[in-house]
Amino acid sequence: MRGSGAQRPRMVLGCVFLVLLLLVAATKLVYVQVFQAEALSAKAARQRATPLDIPAQRGSIVDRAGRPLAFSVDSRVLYVVPQRLRANWQKARDKRPDKTPDFETFTAQIADTIVRAAGDGANREQVLAKLRGGGHREELAENIGPATAWEITSAFPDIGSEYRAARVYPNGSLAANVIGTTVWRKDQKPAGTRGVTGLESSRDQVLAGRTGRRIVDTEQGRDDVVIPGTERDLEPATPGASLELTLDIDVQFLAQQLVTEHARRLGAHDAAVLVLDAKTAEVLAMATEQKINTAVSVPFEPGGTAALITAAGAVEDGTLGRDQTLTVPERVRVDGVEVRDQHGHATQDFTLAGVLARSSDVGTVQTARKLGDDRFANLVSRFGLGVRTEIGLPGESAGQLPPREHWSASTLARLPIGHDVSVTLPQLAGMYQAIANDGLRVPPRLVRAETKQNGHRVELPGPTGVRVVSPQTAATVRGMLRAVVQDAPGQKGTSPVAALPGYQVAGKPGTRTQPSGQRAWNCFAGMFPAESPRFVIATMVDAAETDAAARLFREVADYLAQRYHVPMAKERAPVQDLVAPR
């Protein structure tokens, strides 16, 4: 009993201590809830967990051989919240004044470290001003490598790093008019790389991938001010698919070089080249002198190259056979519109090959009128005029073609010779691709495959072809177009400068003076080798009247013959009669 009596005071003291402890805790709880609630709420508002997007890795762009044209690399933007930097420095200074340098020295150390890492990408005085300022968030340097950014943020925890993707174009301006450009759009949700021109824009959703999510703590309730070191992943991003183009960058390089040379030599406003695979209509090269892709966005009047439509229709319908002739005067009047041949001549009997080879506007109009409005309109539609080719580039024009219901008696005095109609370079190339491909027109394309983020390559289906004329008609017209470049006594075509020694070439020039009268649209479209076409080439030079487009065609064809080891013709193209003796 004595033992139990001795333990009672201890139990009483224990109970008293426990009661006092509970009273202290309750008092603290009341104090926090009543007196500190507002301050704690304000602090929570200043620092809260915020979900943010994780940008996806953008897909690459490669040429037909897998050579890179565009790709993204990880980079970082270094930033600071100046108010937080100064507050944390002050805490360290108060705690260990002997170990913490003054604020000027401290920020100078940070600035020097960042400038060394950024090189020419950061200005020391500007970095210092931002570090010592009073803003909420200041970006200090961009395009910093991830490893370097980690070293800097580890050494200076108040410096934050934010993900960015730097888009790299390893070939500089090569094919820039096709590939396009990107920008980092922070003002959009989610922030990330966005295509603004070219395929980067039209295929942006495919390249961009799927955005991920992360959790961060943000400063002062601002979602754009992330507290350094608080990032944690929630859901990873899915990288975008890569695009495999039809371009051959070797051909593209040569085309761009030639376009630039011709434009500068002639003082041309623009020049352009388009090279297609004759069977598949895959674009091997598309080069323009202008920074914008004028090949698809700026149509022009095709002049005599449009005569191909009339010739194909005449052969298909039997309106004017290969061995028949057409009596062609120097000029003719149709419903008040005078049509005149550029090269003056007496009334002559032209073959259809002669109408093409001598670029006879009168002969073309006469033949078109034999076809009639309805048949000619049907051919124009099948050859693809007046509608976009859907090549896949932004800003593509449909050209201009008068609606059928607006045609008059004089329409066939102008449309067949490339007046009152305008085409883009892909449309012009498509007309000649149809003849090169045995009468089947295949819309041109630039992207032939996508490679998913798991490495799986998906071949994209090619566009559906349109039957324009029969294979027999196409072969006949190809033969006639060879006469355009022949250089025989008394039977000389208008463009022997387009001929390529050792090969058979088929094509047609076109020239149309612009309304200003100072310049002309000079173009040439054709195929080679003519006996079994592999390539279609369309060229345009916007300058004073010149044969530069035909010369440009020949130089591109010469390179293609070497690049693809095209065998020379087994025999020379036969000389064709253009004008029958009277």
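Start by selecting Y169, which sits in the loop between β5 (159-168) and α7 (176-179); helices (H or I, at least four residues) and strands (E, at least two) are DSSP runs numbered from the N terminus. Before going on: this is a predicted model, where local features need pLDDT of at least 70, side-chain atom pairs count only at pLDDT 80 or more, and totals for chains, interfaces and linings use all residues. Numbering runs from 1 along each chain as its sequence is written, and side-chain values use heavy atoms, with hydrogens and water left out.

Now show the surroundings of Y169. Leaving aside residues up to four places away in sequence, Y169 touches L69, A70, I179, G180, T181, T182 and E200 (contact: heavy atoms within 4.5 Å). Pick the side chains of Y169 and E200: a polar contact of 2.8 Å joins them (here, N or O atoms within 3.5 Å, one able to donate a hydrogen and the other to accept it; residues adjacent in sequence count only if both atoms are side-chain atoms).

Next, follow T182 into the hairpin that β6 and β7 form, with six residues between them. The bridge partner of T182 in β7 is G195. Colour 182-185 and 192-195 to see β6 and β7 pair in the antiparallel sense over four bridges (pairing takes at least two DSSP bridges).

Last stop: the lining of the largest pocket. Select β21 (506-513), one of the elements that each supply at least two lining residues; β21 gives the largest share, six residues.
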